[in-house]
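Please read them with the structure open.

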Amino acid sequence: MISYYLGIDIGGSHISAALVECGTKKIYNNHVFEKEVEPHASTSEIINSWQSFIADILHQSVDMNILGIGVAIPGPFDYSRGISKIGGVSKYESLFGLNIKQAIRYIFPDTQKPVVFLNDATAHALGEYYADNTLGKKSIFISLGTGFGSAFLIEGLPQTSGEDVPRNGYLYNCPVEDGIADDKLSTRWFTNTWYERTGKPIAGVKELADEARNGNLIALELFDKFSNNLANLMIQWFHRFKPQSLIIGGNIAKASDLFLNIVTDLIKEAGFGDVRIKMATLQEHAPIVGAAMAINQLDKKIMDSEKRKTTQLLIPEKVSPTSEGKYNIYPGFPIGSGKIHAGSKALASWIIQYKTVVIDGYVGVLWDEFIKNIDEELAKLGKKALWFHTDAAMLEPDKIDKMLEPYLGGDDPIFGKITDKQLIDWFDREKLKSIKPDTAADVNILIGCGASLCGWNAPLVYVDLPKNEMQFRMRAGCITNLGSDKVLDNKQMYKRFYFVDWRVLNDHKRRLLPYIDLIVDEQRIDNYLFMSGEDLRKGLSAMSRNFFRVRPWFEPGVWGGTWMMNHIEGLSKDADNLAWSFELMVLENGLLFESDNRVLEVSFDFVMYNSYEEVLGDSAARFKYDFPIRFDFLDTFDGDNLSIQCHPSNEYIKEKFGMPFTQDETYYIMDCEEDAEVYLGFQDGVNREEFHNSLIHSQKEAVEIDVPNFVQVFKAKKHDLYLIPNGTIHASGKNNLVLEISSAPYIFTFKMYDWLRLDLDGKPRPINIEHGMNNLRFDRQGEIVSKELISKPYILEKTDSYTLEHVPTHKEHFYDVHRYRFDKKINISTNNKCHVWMLVEGSSVTLKTNDGMEYDFNYAETFVIPAAAHSYTLINKGSKPAIMVKSFVK
């Protein structure tokens with residue numbers, strides 16, 4: 001069976017199309033369909049015109065095997081996603097920001113068959129390439145007409161980056177004399193210059209060419225000037241690209257008898273006599289063939305690319321509580337029955353209640369998948385949506401990169417500085433104003449990060465994505481940073497997320513929270529969960545009066561162990577180890593709401609934006625939206641030592657990285673083997689210079705360091721607390737399960753020695769010797785270490801019901817630790833403080849709050865009691881005494 005592609009060429013006032021045979025690459029029966037289009041019409045009028053034109057062709061070709069649609073369209077345009085950026089050219093202005101691809105999908109819904117877009121000049125080049133198989137490996141195509149189009153091809157594949165091609169393959173903005181190619185090598189240069197020289201208007205190059213052929217000296221001079229400018233520009237790129245052929249097309253090419261010989265001679269004189277220079281063959285039909293054959297070049301791997309790269313499981317839609325004493329990896333906060341809804345169909349049904357809808361959301365959301373899924377359901381409901389994208393109004397990626405340079409730390413793979421930018425800085429404000437709904441459409445949907453900035457008066461949907469899933473997508477290479485068009489190295493992308501994207505989008509989210517009408521959890525791309533904004537805010541308020549437990553997530557590491565894999569049910573067994581559990585690492589954790597066993601996740605910061613004063617109580621003014629305390633597990637059972645490291649001083653972290661407070665830590669030993677150790681503080685008499693030199697020598701020469709010669713080693717003991725104020729040299733040894741009770745920052749670890757090992761990706765882990773040396777406290781050595789850096793618990797209260805111990809932290813820590821031992825229950829008052837708890841011995845406890853809620857927490861689970869809970873009761877459900885640790889701001 002013969003197969004075909006449908007090639008489409010969209011011009012300034014027309015649309016033309018033809019079926020192109022996949023095998024012969026020729027237009028079927030040489031028949032081209034054409035239709036005039038009013039480029040100044042409304043969005044709906046233009047789209048309806050295009051849709052009816054394409055639909056008619058598909059209907060006439062119903063018995064033919066059409067494998068896909070290729071569309072050639074002038075820029076500016078987001079060709080990879082099919083989004084119009086056309087503006088400021090008095091044509092198709094109403095389409096600015098519109099998803100043209102989705103509009104075509106409405107009449108060509110089979111997603112197994114691609115719809116692709118490419119620049120009209122690139123399509124012209126591809127059409128000519130497929131029409132002539134003698135062009136050689138490398139060819140350049142130029143289109144001379146109302147503008148200056150170009151494309152660089154290697155074996156028929158468009159080249160868009162690299163030192164030997166201009167960005168995107170475009171020459172239009174390359175310097176020519178005192179302007180650019182688009183101004184100096186186009187029809188308007190001829191007509192404008194003719195008018196300047198003669199004072200007479202002229203219709204176009206055709207009329208000017210007639211003057212030249214009739215001997216008009218001014219006309220001949222203009223063609224001579226044009227020839228020299230064109231040759232000089234091409235010679236520059238011949239030196240770089242070294243093509244075998246140059247193809248010239250466009251309306252000006254019809255006057256080739258007036259410039260081609262001059263151009264050819266100048267190029268020969270420059271040493272490129274072997275380059276074949278020829279005029280285009282297909283001319284106006286070339287873009288149709290090129291657009292069609294672009295489908296053939298699609299990388300099937302890209303079409304079917306993976307969305308997650310991790311051994312961890314995707315959270316299911318519905319979960320059930322674990323049995324008593326069993327750690328629950330999916331802890332949901334109950335909000336009542338019927339609150340959480342599921343599926344694209346249900347979401348589409350909500351959307352069609354409105355004429356216009358704004359869908360804002362977080363970086364990493366797979367917007368194209370979201371649109372595809374929802375639009376399919378809208379079509380089933382008989383609604384045709386116009387999808388507009390905020391991306392169209394974003395600044396160019398290179399401008400955004402330049403704007404963000406001061407915050408990204410250059411080549412440093414880990415550290416940057418917290419940005420002070422706002423989301424509006426990513427956008428061209430005038431272009432945002434250009435995105436306008438069409439009153440004639442069934443539904444107008446404005447979508448993307450920052451959609452609410454356009455000022456549409458419409459219901460607001462917010463699409464959220466957990467940080468762990470974002471990172472799994474990052475590692476799969478299927479997302480980019482905010483405003484970037486490149487997938488970068490994972491460390492570079494994470495750095496930009498941490499110091500820029502998350503900060504900017506979190507602040508934007510804070511401003512939106514009171515106005516959200518619908519919140520969507522997007523992590524399950526085949527089954528979105530959502531609930532009303534009102535229920536979201538009510539749920540957050542209920543949390544702030546009762547309790548919350550974040551959803552933990554787990555990561556392998558080069559030193560990782562097996563304790564969590566062996567003791568926590570529901571984790572994937574595919575990982576080689578697990579190093580971390582993010583128990584309460586608030587920037588990266590989410591909160592789960594539960595209704596009818598469905599669990600919808602939102603980012604942790606929502607509860608702080610909604611209720612930080614209720615959560616933090618007497619420390620709210622100090623920390624505001626920054627939850628101050630972190631709990632996490634470090635698992636080295638059957639693993640390895642952590643790196644020898646320290647953390648920055650308060651002054652250093654503020655000055656260098658823009659953080660409000662530093663990373664002071666403690667190690668609470670939850671469990672350990674007999675041989676487990678903790679590295680802490682310097683040996684007596686350690687010299688700064690000697691230690692520094694040893695680190696440098698090890699790094700340069702890959703020589704092992706005798707760590708105990710410099711750093712003290714202590715036998716780890718269960719329930720001991722080791723104090724690690726900033727500047728303290730430290731590391732956990734192998735065979736420990738460490739509960740880190742720390743201040744909230746977590747990436748500011750200066751690794752100074754890492755045992756000469758490679759990371760899981762096979763590359764050396766980043767070492768930060770100089771950062772570390774700038775912060776190390778060499779006065780923490782000798783006897784001072786055991787006296788001041790190993791906590792000495794003492795009893796504060798003892799009754800028949802419980803024993804309360806103070807497990808004191810260091811004087812530089814802003815948080816403290818209490819430990820309770822009890823058989824039955826304890827009653828606690830918050831005294832306007834936020835409490836962070838963990839059951840460190842026992843099976844489970846039941847929490848009863850003043851607000852009337854009850855919830856069970858199991859061994860090793862972290863949970864938070866906000867200050868506004870006032871008082872609460874913890875009931876031991878086990879047969880043995882419960883031991884619990886509580887941390888709070890001093």
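1. The model is predicted. Cysteines come first. Cys 478 is partly exposed, with a relative accessible area of 23%. The closest cysteine sulfur to that of Cys 478 belongs to Cys 449 and lies 14 Å away, too far for a bond.

2. Cys 449, in turn, is buried, at a relative accessible area of 6%. Its sulfur has the sulfur of Cys 454 as the closest cysteine sulfur, at 12 Å, which is again too far for a bond. A disulfide would need the two sulfur atoms within 2.5 Å. Over the whole structure, the search for disulfides returns zero.

3. Helix α21 spans residues 650–657, and its buried residues are Tyr 652, Ile 653 and Phe 657. These three lie on the same side of α21, because the arc they cover around the axis is only 95°. An α-helix has 3.6 residues a turn, so residues three or four places apart point the same way.

4. What lies over the buried residues of α21? The cover includes α16 (490–512), β35 (750–753) and α23 (769–773). On the face of α21 turned away from the buried side are Glu 651 and Glu 655, both exposed.

5. Gly 658 follows α21 and has a positive phi, near 75°. Gly 658 is also among the residues touched by Ile 418, as are Phe 657 and Met 659. The buried Phe 657 of α21 therefore has Ile 418 as one of its contacts, taking contact as heavy atoms within 4.5 Å.

6. Where does Ile 418 sit? Its place is the loop between α13 (397–404) and α14 (429–434). Met 884 is 466 residues from Ile 418 in sequence, and the two C-alpha atoms are 35 Å apart.

7. Four strands form an open sheet in the order β39-β44-β41-β42, with antiparallel pairing. The edges are β39 (825–829) and β42 (854–858); each has a single partner strand, so one side of each has no neighbour in the sheet. From one strand to the next, the twist averages 25°.

8. Within this sheet, β41 (residues 844–849) pairs with β42 in the antiparallel sense, over five bridges. Which residue of β42 stands opposite Thr 846? It is Asp 856.

Methods. Residues numbered from 1 in each chain as written. Predicted model: local features only at pLDDT ≥ 70, side-chain atom pairs only at ≥ 80, totals over all residues. Heavy atoms only, no water. Helix = DSSP H or I, 4+ residues; strand = E, 2+ residues; numbered from the N terminus. Pairing = 2+ DSSP bridges. Axes fitted to C-alpha atoms, helices over the stretch in contact; angles between N-to-C directions. Buried < 20%, exposed > 50% of the residue type's maximum accessible area, 1.4 Å probe, protein only. Arc of directions from axis to C-beta.
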